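Please look at the structure first.

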Amino acid sequence: MEDLPHHLILDILGRLPDSADVARCRAASRTLNAAARGVTSVALLCSLARYLRSRSPDTRSLVVPFKSLVASAVLGWGAVESVAIGVDASFADSFEDMEDDESGDDMYLMEVGFLAGWLPRVCEGLRALSISDFWVQSCWRKSDVLALVSSCCRSLCELELKNAWLSVDGLNPLPSLTSLTLEFIRLDDENLSKLCTCFSLLQVLNLRGVGGLKEPKIHLPDLRSCQWTVSNVPISLAIYAPRLVKLRLKCIKPRSLILETPALSDFDLSIVQADDLQVKDLISLKSFKLDSPFLCDLITAFPSGKTVEKLTLNTEFNRDVKEMISLELLFKTFPNASSLTLGPGAWSRLWPSPGGWEDGAEMKSLQGIVACMVVSHIDVVQAFIASMMDKCTNLSDFTILVQQQHADSDLLSNLTKRCTADWPRLKWKFGVFKKATEAYGFTGGWDIVWQRQTFKGAR
């Protein structure tokens, strides 16, 4: 490695996820030590093993306190543009065993006194700051970290804070900040409003599991991307962002959902239900994913989706549900969709009702379908495909994903043979899906186990 060009060594060292590894490399050779001086990022995570050693009477005296390690590492690093400190994700599985530590502060990483000891001395060139706190010690007391950061880090562009109760007292405007991520944070409505006021030039906003909100409103004129996972049940949600392009929103059942986002082009919505859906015309929307147990009601309430080209629908799979999604309604709402993906529940709702699909309902723009099917008989699949082919006259690509528990080799083999024989002009793909390990939506997402492409049938 020492024979590599200096810039390649620097690039490799800069990609190491933990600065402790960089320190080991510096001690290994003079070449690596010289190259490491150009690394401008510091990343230190406290592992669960380190934490347990610091608590054991036999090893406690041998472990350098983590906060002391962070301070010395940051101050001794030289030029610093990025700092990321926190506890390892494995801590989350052991919080119940750590309740005796809640009164301590040795792992309270958003303690202002600790941060004030080193942050003002490296803030001039700091562009990114990430702190993932120890929830047991941070959840019951407010942190003034926002006031400290906004007062001294005047060039900061990216801020990420996790596992804390935040105060906005003393918060100052920070026009340089363009990206903010809050995860498992306790925050009030008025605090969110003040964040929007002081960080008014945000372009990226991620709110994951931010609790305490009742009627939150986001007013950000320059916002481009937003991911918002609402952890409680607020009365209403409102987003006013004229330049927002990408939105991923997961909420439960707000009374009202207000969106004034005319530039939105990529919208991923997971919601149980909204009594009052106020979505102004989304004149730029190209990709829309909707996941809800009440799929039909939301499609009915949704404004015209004439610009949507890529459509994904999912709802809960229930063989006893009699309510069907009207194909005429779907085509009328999204008349220009060229790609349609149907989750495990959505495909069964599009089946013909006893009276059949409405005459004249066609979707000539549709070119590709991906259907996740919970079936064990080929005849069921064929009936569904025939119904879709009858209404989607320009369809050219069809992907069928069968649930893993039903996907035996005989079923897939026979399905491939029949589909390619009955509809030879289509390009076919077949595969297997399973329930997602970390489903984003309420009705469950899906992961593709495998898929293969087959040739077009003989004409």
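Which residues line the largest cavity? In this predicted model, the lining consists of Leu180, Leu192, Leu195, Cys196, Leu202, Leu205 and Leu220. The points below take the cavity and then the helix pair.

**Cavity**

- Rolling a probe the size of a water molecule over the atoms shows where empty space is left.
- One cavity of 30 Å³ or more is present in the structure.
- The largest cavity holds about 30 Å³ of space.
- Helix α10 (residues 189-198) supplies the largest share of the lining of the largest cavity, with three residues.
- By class, the lining of the largest cavity has seven nonpolar residues, no polar ones and no charged ones.

**Helices α14 and α15**

- Two packed helices are described by the angle between their axes and the distance between the axes.
- Helix α14 (residues 378-391) and helix α15 (residues 409-422) have axes that come within 10 Å and cross at roughly 30°. Angles under 35 degrees count as roughly parallel, so α14 is roughly parallel to α15.
- The crossing of α14 with α15 is right-handed.
- On the α14 side, the contact is made by Ile378, Asp379, Val381, Gln382 and Ile385. On the α15 side, these residues meet Leu411, Asn414, Leu415, Arg418, Cys419 and Asp422.
- The contact of α14 with α15 divides into six nonpolar, two polar and three charged residues.

Definitions and conventions
Residues numbered from 1 in each chain as written. Predicted model: local features only at pLDDT ≥ 70, side-chain atom pairs only at ≥ 80, totals over all residues. Heavy atoms only, no water. 1 Å grid on protein atoms, 1.4 Å probe; cavity = no way out; pocket = protein on both sides within 12 Å on 5 of 7 lines; lining within 4 Å. Points joined across faces, edges and corners; volume = space filled by probe spheres on them. Helix = DSSP H or I, 4+ residues; strand = E, 2+ residues; numbered from the N terminus. Nonpolar A, V, L, I, M, F, W, Y, C, P; charged D, E, K, R; others polar. Axes fitted to C-alpha atoms, helices over the stretch in contact; angles between N-to-C directions. Parallel < 35°, antiparallel > 145°, perpendicular 65-115°, else oblique. Left-handed = near helix turned anticlockwise from the far one by under 90°. Contact = heavy atoms within 4.5 Å.
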